[in-house]
Amino acid sequence: MARDPEPARHERPAIDEAALVAARAADKLLDAALDRGLQRWVNTFAAVPDQLRDAGLKELRRVCLRARAAYGAKDSVRDYLPADVTEPFLADLDRLIRLLTREATS
């Protein structure tokens, strides 16, 4: 039995907009890591902004969860970058995850 294809992102404008907002916040976080020469965090977040802009709905959840994992209890991006870049990105990720969860359960 064939599976229905997932809806295009533009068919879910709230999710698409939230992903684009998160991508802009990810750009700022990545720039801050580059400015400080924090290669580990540059490597962690290098692909994230483009993935947030381009990923389909299913892949978008995986991108969010991988990026969210950088906010670990013992080792966190918060320990290396200022709150004015880490906290907006985290808030945007969490908002996007909530929207994706709502979409998946409806």
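The buried residues of helix α5 are Val85, Thr86, Phe89, Leu90, Asp92, Leu93, Leu96, Ile97, Leu99 and Leu100, where buried means under 20% relative accessible area, exposed over 50%, and partly exposed in between (1.4 Å probe, protein chains only). The model is a predicted one, in which local features need pLDDT of at least 70 and side-chain atom pairs count only at pLDDT 80 or more, while totals for chains, interfaces and linings use all residues. Residues are numbered from 1 along each chain as its sequence is written, and side-chain values use heavy atoms, with hydrogens and water left out.

Helix α5 runs over residues 83–105 and spans 32 Å from its first C-alpha to its last, close to the 33 Å expected at 1.5 Å a residue. Among the elements that cover its buried residues are α1 (13–35), α2 (39–45), α3 (48–54) and α4 (57–68).

Across the whole structure there are ten salt bridges, a salt bridge being a side-chain nitrogen of Lys or Arg within 4 Å of a carboxyl oxygen of Asp or Glu. One of them joins Arg12 and Glu103 at 2.8 Å, N to O, and this pair links distant parts of the chain, with Arg12 in the segment before α1 and Glu103 in helix α5, 91 residues apart. Arg12 is partly exposed at 27% relative accessibility, and Glu103 is partly exposed at 24%.

Within helix α3, Arg53 and Asp50 lie three residues apart, about one turn of the helix, and their side chains meet in a salt bridge of 3.5 Å, N to O. Asp27 is linked with Asp50 and Arg53 in a network of salt bridges.

How values were computed. Helices (H or I, at least four residues) and strands (E, at least two) are DSSP runs, numbered from the N terminus. The expected span of a helix is 1.5 Å times one less than its number of residues. Contact means heavy atoms within 4.5 Å.
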